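Trainee: Could you take me through this structure, please? I would like to begin with the inside of the protein.

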Amino acid sequence: MLEPVIPLVLFAIVATTTPGIATTLSTASGAQFGFRRSVPLLVGSAAGLATVTGAAAAGLAGLLLAMPSLQLAMKVVGSLYLVWLAIKIGRSGPPNLDVTMARPNSFLGGAGIQWMNPKGWAMGLGAAASFAALASGPLQLALLLGATFGLAAAASLSLWCVAGMLLARLLKTEWQWRALNVVLALVLAASIIPMWRSA
C-alpha cells in the first residue's frame, strides 16, 4: 500500500536536506539559540514549505508563471529580507553576548522564507509533475505533497539545527563565533544567487 509513495518520500527527504536558505537559517539559529528557542523557526519553515508545495500542486504556481511582475516582486522582497538576515547573522557574536541578533526568527519569518524561496516552488512543481499519478485530483495531490514535504522539512531542519548546536559546543572563543557567523551569512547571501539565475 505504501510502496507507490516511497519515491515521493525519498524525493522530499533529499530535497529538504540539501543546503539552502532554510537549512542555513536553522543551523545559525541552533548555534545561536539552541533547539528549543529555534522551534518556531523550524515549525514555521516546515509549514511554509508544506503550503508552498501544496499550493504548487493545486495550481498557484501557474498564476505566478502567468504574472511575471508578481514573481519579480516576490524575488525582490525575498532577496532584501535574506540580505537583511545575512547581515544580522554576520554581525552576531557568541550567544548571549550579542545585541544585533537578540532573538530567534519567528514562525511567520520561517514560513515567509519558504514562500519567497524559489527552491521550494521548484520542489513543489517538480513533485506535482512527477507524482501527479499518486492522487485523483489537484486537491488530493496538494494534501499529499504538503504533508510529505512538511514532515520531511521538519525532520531535516531539526537535524540542521542540532548540527548548529554541536558547532556551538566546539566554538570557544569570540573570533571562532564571528568566523562561523560570517560563513553562515555568506552562505545565506549566496543562496540568493540561484533565485535570480532562473529569472
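Trainee: How many cavities of 30 Å³ or more does the structure hold?

Mentor: Please keep in mind that this is a predicted model. The structure holds two cavities of that size.

Trainee: How much space lies in the largest cavity?

Mentor: The largest cavity contains about 90 Å³ of space.

Trainee: And which residues lie nearest its centre?

Mentor: The lining of the largest cavity consists of 15 residues. Those nearest the centre are Thr 16, Ala 22, Gln 114, Lys 119 and Met 123.

Trainee: Which elements give two or more residues to that lining?

Mentor: They are helix H1 (6-17), helix H2 (21-58), helix H6 (118-131) and helix H7 (138-170). H2 contributes the most, with four residues.

Trainee: What is the lining like by class?

Mentor: Seven of the lining residues are nonpolar, seven are polar and one is charged.

Trainee: Let us turn to the whole chain. How many helices and strands are there?

Mentor: The protein chain has nine helices and zero strands.

Trainee: What share of the residues counts as buried?

Mentor: Of the 199 residues in the protein chain, 45% are buried. The accessible surface of the chain comes to about 10100 Å², and carbon and sulfur atoms account for 75% of that surface.

Trainee: Among contacts with a separation of 6 or more, what part comes from residues 24 or more positions apart?

Mentor: Such residues provide 83% of those contacts in the protein chain.

Trainee: Can you show me an example? Where does Ala 58 lie?

Mentor: Ala 58 is in helix H2. The C-alpha atom of Ala 58 is 6.0 Å from that of Leu 139, although the two residues are 81 residues apart along the chain.

Trainee: Which residues does Ala 58 touch, not counting those up to four places away in sequence?

Mentor: On that basis, Ala 58 touches Pro 138 and Ala 142.

Trainee: A change of topic: which residues does the UniProt annotation "transmembrane region" cover?

Mentor: In the unreviewed UniProt entry, this annotation covers residues 6-27, 39-64, 120-137, 143-167 and 179-196.

Trainee: How much of residues 6-27 is helix, and how far apart are the end C-alpha atoms?

Mentor: Residues 6-27 are 86% helix and 0% strand, with 28 Å between the end C-alpha atoms.

Trainee: And what about residues 143-167?

Mentor: Residues 143-167 are 100% helix and 0% strand, and their end C-alpha atoms lie 36 Å apart.

Note on methods: Residues are numbered from 1 along each chain as its sequence is written. This is a predicted model: local features need pLDDT of at least 70, side-chain atom pairs count only at pLDDT 80 or more; totals for chains, interfaces and linings use all residues. Side-chain values use heavy atoms; hydrogens and water are left out. Buried means under 20% relative accessible area, exposed over 50%, partly exposed in between (1.4 Å probe, protein chains only). Contact means heavy atoms within 4.5 Å. Accessible areas come from the Shrake-Rupley method with a 1.4 Å probe; for residues, only the protein chains shown count as cover. On a 1 Å grid over the protein atoms alone, a cavity is a set of points where a 1.4 Å probe fits but cannot get out, and a pocket is an open set with protein on both sides within 12 Å along at least five of seven lines; lining residues have an atom within 4 Å of a point. Grid points are joined across faces, edges and corners, and a volume is the space filled by probe spheres set on the points. Ala, Val, Leu, Ile, Met, Phe, Trp, Tyr, Cys and Pro count as nonpolar, Asp, Glu, Lys and Arg as charged, and the others, Gly among them, as polar. UniProt positions are given in the numbering used here, feature names are shortened, and annotations may be inferred rather than shown by experiment.
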